[in-house]
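The following exercises concern one protein structure. Please work through each task before reading its solution.

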Number of protein chains: 2
Amino acid sequence: MVSYFFDENSDMPLYEQLYQDIRSDIISGKIRPNQKLPSKRSLAENLHVSLNTVSAAYDTLKAEGYIRTEERKGYFAEDLTGYLVKKPAKKRDSQRAQNEENEDWYLDFKANAVSVSLFPFNIWNRYQRETMLMDPSVLGRPLPYNGLFELRCAIADMLRDNRGMDVDPGQIIIGAGSEYLYMRLMQLLGESSVLAVEDPGYQKFSIIAESLGHTLVPVPVDDKGMDVSALEKSGARIVHLSPNAHFPTGVIMPVSRRLELFWWLSGGKDRYCIEDDYDSEFRFWNRGMLPLYAENVQDRIIYMNTFTKTVYPSLRISYMVLPWKLMDRFRMTQSFYSCTVSTMEQYSLARFIKEGKYEYHVQFMRNYYRKYRDKVLSALKDSKIGKKAEIIEHNAGTHFLLRIRTGLSKEEAARRGRDEGLALSFFSDYFYHGYNEKECCTLVLNYAAIEEKKLPGLIERLERIFEY
Amino acid sequence: MVSYFFDENSDMPLYEQLYQDIRSDIISGKIRPNQKLPSKRSLAENLHVSLNTVSAAYDTLKAEGYIRTEERKGYFAEDLTGYLVKKPAKKRDSQRAQNEENEDWYLDFKANAVSVSLFPFNIWNRYQRETMLMDPSVLGRPLPYNGLFELRCAIADMLRDNRGMDVDPGQIIIGAGSEYLYMRLMQLLGESSVLAVEDPGYQKFSIIAESLGHTLVPVPVDDKGMDVSALEKSGARIVHLSPNAHFPTGVIMPVSRRLELFWWLSGGKDRYCIEDDYDSEFRFWNRGMLPLYAENVQDRIIYMNTFTKTVYPSLRISYMVLPWKLMDRFRMTQSFYSCTVSTMEQYSLARFIKEGKYEYHVQFMRNYYRKYRDKVLSALKDSKIGKKAEIIEHNAGTHFLLRIRTGLSKEEAARRGRDEGLALSFFSDYFYHGYNEKECCTLVLNYAAIEEKKLPGLIERLERIFEY
């Protein structure tokens, strides 16, 4: 008869201790394969525990398959020879101490950082707190697949007031970031479409589209945005554009070019334009050009925007507006995907927008960025860099291009940047087939990421990199 | 000479009013295509406004392409004939009033609702408030692609303490819900794999995998979980399993079957098991079987779990643990995707776990669910339903099966359910090739979704549906 000792001071219930002991004995072979176990009653008497304790342990062992019952014979150990010949996975030195690839840059222009020190956290937090006080059952309910109704209404109103867009909340889909929505959209648009993209342009979209089996055609961008006659020739059915502030040049597509685009859209079956309105909030000397969506052929335009730049980057909320035809298809094929944004943050954002705080903050940041941008631009112009450099900008967005005359190759400039603690972003990286700059290097400067106190340090470092 | 009137009480700046007026005149044809505009100076004098006002309006019109300059000649209207022949999108009756497909069920067993009235919102909200007080610059930084380091550490510790798993935080990826992580994983596992899935089983995974080009092989589940010899024959390279509480039967895979599975995993190159540990927190009379990951061949097991059931459903946080080999591949190919969960909620959850509140809440809910489940079960047994029904359960999870002897077809039962305000979930719907029940209907009853006060109403409705 086996015998076990119990630790009466343990947190572990008695049945669990008994279960663990018998289990180890079976695994170790101390109880042999197919050996008969004592009856529940006799084991209980023997160990001075209740019958319930032994029953619970035996039931667990049986449920997990360590023992079996045979009718009118009792309990037997299963044959688990070889079960726990543990082959442990290869280990690494724990990355915990290293805190991973946390590179310590002075400034990282590749990361999409923005200044959040001016964000009205006090107001935001008030809405968060008020949301917390809501009836908890609201948070227990699954969200609609397309996002909180209140937030979609707030967005529809905002698009009407600020962007001249006539949108029904039923056309809006909320998601955890634009990349996520692009994935959903690319699946929605069906098998292996041919997609035209801006060259140079925002390449994340392209990577996502290609990873989902679509074919990409880069179409050149000139000083009026995408070349629509090249688009026509490309054979693409769908085009991805940022007509209101092209990334990274800031170029705005003028009406004449928009007219060509509308003709192209109406000229073929199932042609669509994905209009990325990202960063369009930050036009500085007027209210920004209205989106394509506001102007024409809304049933061919998929509008995308995000709160990443205007609220704060670690709040993952973006949205898209679908034409009704695509919205119906989305409901049919993708509404089983749960919404990816937490209810609480959707409620808070809805109130932040509805009570005018969002628009107020965007206006405030627009003024701030305009002044700060002027400050960065004149600091650059007044530096040694200024004499050898040209600034390319279109009064829009949170970045500009800085073209520096230099003998350095891009690779050499990047290496020197790293040595100085700067992760530089190069204009030429946004071209699909490379772009060889001769005797100059053009940087994409996301000035929103430069803390004011780091501006002099940045300029010194740029001067050292480009040898003044 | 054109003439314009200004509204001095308008919020709109003068230059914007002037811009709007000239723009409309160009679009309407009142200013003809290629017509010369007055010089800035003469217009300013004429309208009694400053030169700056006219300059700003002209600059905007020019930037957007409504007018052009010709050297030494001045400003001219562009030819935009046809531009604003607006073809408005087809409209629908606004869905706003209708509040969309908000069906008003008495109880919806298809929605994944859980009881949140017992969630300690006071504690959770405290962590949220403390997170709000953090240095705002933290919220301005982009998150690591795999999630907040602090949260990954908290999860690794929790998995070690509660699930016997030895996991490095560097192997964990945080995402906005399991569906999202499944998408990432399916892309990671490469081109068109053959995937074995449990039949019956959790079909969302299958839909996601198929939508990303993988081939599915349903493999039968018996009272020990998936049939591993059928898995061997299926030719699959990857298997998706819930061995610790099969959905929807609750079956636990016993050690003997696990042993076969480990042999299968070691028997071929690049074989992987996706272990979905969903709902395993709710085992009622013991601490639940340890996951496969804790036992063996960790380098072949991808572990998935979610906080949806244990915190609250509208908090969208799930995670997966990857073997190092797959983690390296993930970093190479998918780390450009931003993390989909907001920093604030990740911080709050990390603290909730680290300070023991999460484990305390899970234990509390385990006790609550055990008692509530017993209450639901005995209410059913004592009802008229009880005489014609069998309850199938494995002391696990937040649901059980209720097999009711009836002459009703599934379709008829579903229709009667709808009439009674019940969205019923049928066991047969979880089979890949249908499952014809004869003289009975088996319901999947997610009892966690039944508010206590609705229990008598539910039983009355079930009695009416099945004709007592």
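**Exercise 1.** How many helices and strands does the secondary structure of chain A comprise?

*Solution.* The model is predicted: local features need pLDDT of at least 70, side-chain atom pairs count only at pLDDT 80 or more, and totals for chains, interfaces and linings use all residues. Residues are numbered from 1 along each chain as its sequence is written. Helices (H or I, at least four residues) and strands (E, at least two) are DSSP runs, numbered from the N terminus. Chain A has 17 helices and 15 strands.

**Exercise 2.** Why is chain A more spread out than a compact globule?

*Solution.* The globule rule is 2.2 Å times the number of residues to the power 0.38, and the radius of gyration is taken over C-alpha atoms. For 468 residues the rule gives 23 Å; the radius of gyration of chain A is 31 Å, well over that value, so chain A is more spread out than a compact globule. Along its principal axes, the C-alpha trace of chain A spans about 95 × 55 × 50 Å.

**Exercise 3.** Which residues of helix α10(A) are buried?

*Solution.* Buried means under 20% relative accessible area (1.4 Å probe, protein chains only). The buried residues of α10(A) are A:V255, A:R257, A:R258, A:L259, A:L261, A:F262, A:W264 and A:L265. In chain A, buried residues make up 57% of the 468 residues.

**Exercise 4.** At what angle do helices α7 and α12 of chain B pack?

*Solution.* Helix α7 (residues 178–188) of chain B packs at about 95 degrees to helix α12 (residues 324–334) of chain B, with the axes 10 Å apart; axes are lines fitted to C-alpha atoms, for helices over the stretch in contact, and angles run from 0 to 180 degrees between N-to-C directions. Angles of 65 to 115 degrees count as roughly perpendicular, so α7(B) is roughly perpendicular to α12(B).

How values were computed. Chains are lettered from A and ligands numbered from 1 in the order in which they are written. Side-chain values use heavy atoms; hydrogens and water are left out. Angles under 35 degrees count as roughly parallel, over 145 as roughly antiparallel, 65 to 115 as roughly perpendicular and the rest as oblique. Buried means under 20% relative accessible area, exposed over 50%, partly exposed in between (1.4 Å probe, protein chains only).
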